[in-house]
Amino acid sequence: MSYRGTLYTVSAPSGAGKTSLVNALVETTKELKVSVSHTTREKRPGEINEVDYHFVSHEEFLGMVHRDEFLEHAQVFTNHYGTSKIWVEETLAKGIDVILEIDWQGARQVRELMPLARSIFILPPSRKCLHERLTGRGQDKANIIEARMAEARNEMSHFNEAHYLIVNDNFDIALQEFRAILLSQRLHLEKQKQRHQSLLESLLS
């Protein structure tokens with residue numbers, strides 16, 4: 001019996017701190033990787049191609065959709081985002097857990113295709129806090145921020161579709177809760193049976 005990693009979807013409105021939490025968890029956790037999504041949106045200052053995203057043209061993206069290369073894909077505003085099906089399958093088969101940072105639409109698609117995937121939703125402690133975080137970035141104009149706030153309300157309305165919910169008020173506590181979810185899944189009986197098959201056989205022989 002080969003050990004297989006767990007697939008996690010992590011969703012949150014823009015500004016809830018999702019990426020910071022994911023990065024902190026990955027930096028301190030073995031056998032855990034984040035899927036780098038493909039997107040048609042423009043690079044933001046400081047972003048690196050194939051590190052933050054695989055930045056592709058609309059034509060390239062639609063070609064990948066036609067070839068069924070995405071585990072999930074969705075349109076957010078005027079841009080498209082998608083997750084490589086082959087990369088996810090190959091990584092899970094190596095016994096490595098995978099995190100997908102995707103919106104509620106993508107998370108729903110993944111749950112339908114892969115019922116064993118676990119979904120996590122991250123919320124801000126208040127709308128005021130969310131607005132302050134978006135404004136504090138200093139990268140977007142006022143009308144863009146208001147559009148993101150409207151989209152955030154729609155995104156947050158789907159929190160109850162997830163398996164786990166984290167409120168990112170205190171970063172350290174939210175990270176601790178995030179880590180606890182991962183640990184609980186790794187200690188699940190079926191996972192432990194896969195991981196310790198040889199030990200169990202020797203103990204029971």
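1. Let's start with Val26. In this predicted model, Val26 comes out as partly exposed, because its relative accessible area is 24% and buried would need under 20%. The residue sits in helix H1. Setting aside neighbours within four places in sequence, Val26 has contacts with Leu32 and Val34. There is also a C-alpha distance to note: Val26 and Val98 are 72 residues apart along the chain, and their C-alpha atoms are 9.8 Å from each other.

2. Next, the sheet. Five strands make up an open sheet in the order E2-E7-E1-E8-E9, and the pairing is parallel. At the edges you'll find strand E2 (32–34) and strand E9 (164–167), each pairing on one side only. On average, neighbouring strands here are turned by 25° against each other, direction ignored.

3. Strand E1 (residues 7–11) runs parallel to strand E8 (residues 118–123), and four bridges link the two. If you want a spot to check on screen, look at Thr9, which faces Ser119 in E8. Helix H1 (residues 18–27) packs on the sheet and touches E1, E2, strand E7 (97–101) and E8. The direction of H1 makes about 165° with that of E7.

4. Helix H3 (residues 85–93) lies across E1, E2 and E7, and its angle to E7 is about 150°.

5. Which residues of helix H2 are buried? In H2 (residues 58–66), they are Phe61, Gly63 and Met64. Viewed down the helix axis, the buried residues of H2 fall within an arc of 160°, so they line one face of the helix. Their cover includes E3, strand E5 (70–76) and strand E6 (79–84). The face turned away from the buried side carries Glu59, Leu62 and His66, which are exposed. So much for the helix itself; after H2 comes Asp68, with a positive phi near 60°.

6. You'll find Thr40 in the loop between strand E3 (38–39) and strand E4 (54–55). Is this residue buried or exposed? Thr40 counts as buried because its relative accessible area is 7%, against a cut-off of under 20%. The side chain of Thr40 reaches the backbone nitrogen of His80 at 2.8 Å. Leaving out neighbours within four places in sequence, the contacts of Thr40 are Val56, Ser57, His58, Phe61, Asn79 and His80.

7. Finally, the whole chain. The protein has nine helices and nine strands. Its radius of gyration is 18 Å, close to the 17 Å that the globule rule gives for 205 residues, so the protein is as compact as a globular protein of that length. Along the principal axes, the C-alpha atoms fill a box of roughly 70 × 40 × 30 Å. Of the 205 residues, 42% count as buried. As for contacts with a separation of 6 or more, 69% of them are between residues 24 or more positions apart.

Conventions
Residues numbered from 1 in each chain as written. Predicted model: local features only at pLDDT ≥ 70, side-chain atom pairs only at ≥ 80, totals over all residues. Heavy atoms only, no water. Buried < 20%, exposed > 50% of the residue type's maximum accessible area, 1.4 Å probe, protein only. Polar contact = N/O pair within 3.5 Å; in protein donor to acceptor, adjacent residues only side chain to side chain. Contact = heavy atoms within 4.5 Å. Pairing = 2+ DSSP bridges. Axes fitted to C-alpha atoms, helices over the stretch in contact; angles between N-to-C directions. Arc of directions from axis to C-beta. Rg over C-alpha atoms; globule rule 2.2 N^0.38 Å.
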